Amino acid sequence: MDTTNLFRLDGRIALVTGGSRGIGKMIAAGFIAQGAKVYISSRKAPACQDTAAELGPNCVPLPMDVSTVDGCRALAAALAEREERLDILVNNAGAAWGVPFEEFPESGWDKVMDLNVKSPFFLTQALHGLLKAGAAGGTPAKVINITSIDGLRLNPWETYSYHASKSALIYLTKRLAARLVKDGINVTSIAPGAFASEMNRAARDHGDSVAKAIPARRIGADEDMAGTAIYLASRAGDYVIGETIAVDGGIVNASLGTSIDA
């Protein structure tokens with residue numbers, strides 16, 4: 001058994017949605033460090049381009065709004081113009097919405113459910129051919145959905161559509177895994193806890209306070225997220241299919257009842 005290159009991604013081609021900042025950027029940087037060529041996508045072209053410039057020549061900006069099916073298909077078409085295959089897809093683009101029950105709007109339901117559940121399905125569908133081409137050499141292609149610990153347990157905030165969407169995406173991961181494994185495509189998910197990001201401003205702006213309620217006594221670091229994604233994307237994770245890994249410092253599985261937003 002040779003484990004020397006177990007976590008390497010040399011020659012692999014990846015696409016990370018929501019890759020210009022936060023968790024998507026952490027994952028993109030980790031993949032690049034392991035030798036992958038990474039396309040990052042977000043709806044804001046300048047942010048995409050700035051991040052690509054920061055991460056270096058193996059990071060390619062491919063801005064697109066994937067909140068609609070047309071946007072998902074346009075992103076897949078844009079990638080197909082540049083590559084003949086895709087080895088790794090990270091469905092990370094997402095949104096949250098928190099409003100009291102009595103006031104929760106339809107717009108806050110539809111926006112979150114469309115981006116967090118509908119878009120990962122239709123982007124994976126649109127990239128099915130490229131992913132199958134990535135698996136043609138005998139190495140599984142990978143689809144990694146970024147879910148949330150809020151799909152595994154409740155937080156104290158009234159984020160109704162976010163909770164529902166992340167729970168749905170965890171089960172969509174299982175259903176996609178059951179179908180796509182026959183094409184050599186492994187589907188898994190990562191459920192982050194408290195990581196500093198635009199979506200989790202509490203962890204970003206009040207990390208020390210948030211950390212007090214986490215069993216590990218700290219918020220997540222870039223390496224924690226990148227390491228888990230590298231594991232699933234690399235040879236090391238080839239036998240993991242349909243699973244959701246909570247990366248949360250113990251909130252879900254080692255907590256005595258304290259809730260932390262993610």
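The largest cavity and the cores

Guide: Lining the largest cavity are Thr-17, Val-66, Cys-72, Asn-91, Asn-92, Ala-93, Leu-115, Ser-119, Pro-120 and Leu-123. The model is predicted: local features need pLDDT of at least 70 and side-chain atom pairs pLDDT 80 or more, while totals for chains, interfaces and linings use all residues. Residues are numbered from 1 along each chain as its sequence is written, and side-chain values use heavy atoms, without hydrogens or water.

A cavity here is a set of points, on a 1 Å grid over the protein atoms alone, where a 1.4 Å probe fits but cannot get out; lining residues have an atom within 4 Å of a point. Grid points are joined across faces, edges and corners, and a volume is the space filled by probe spheres set on the points. The count is one cavity of 30 Å³ or more, and the largest holds about 40 Å³. Helix α4 (residues 106-126; a DSSP run of H or I, at least four residues) gives the largest share of the lining, four residues. By class, six lining residues are nonpolar, four are polar and none is charged.

Turning to the cores, the largest nonpolar core has 32 residues. Such a core joins buried (under 20% relative accessible area, 1.4 Å probe, protein chains only) Ala, Val, Leu, Ile, Met, Phe, Trp, Tyr and Cys residues through side-chain atoms within 4.5 Å. Its largest share, six residues, comes from α6. Leu-15 is among the residues with the most contacts inside this core. A second, separate core of 30 residues includes Val-16, Met-26, Ala-36 and Ala-52.

How values were computed. 1 Å grid on protein atoms, 1.4 Å probe; cavity = no way out; pocket = protein on both sides within 12 Å on 5 of 7 lines; lining within 4 Å. Helix = DSSP H or I, 4+ residues; strand = E, 2+ residues; numbered from the N terminus. Nonpolar A, V, L, I, M, F, W, Y, C, P; charged D, E, K, R; others polar. Buried < 20%, exposed > 50% of the residue type's maximum accessible area, 1.4 Å probe, protein only.
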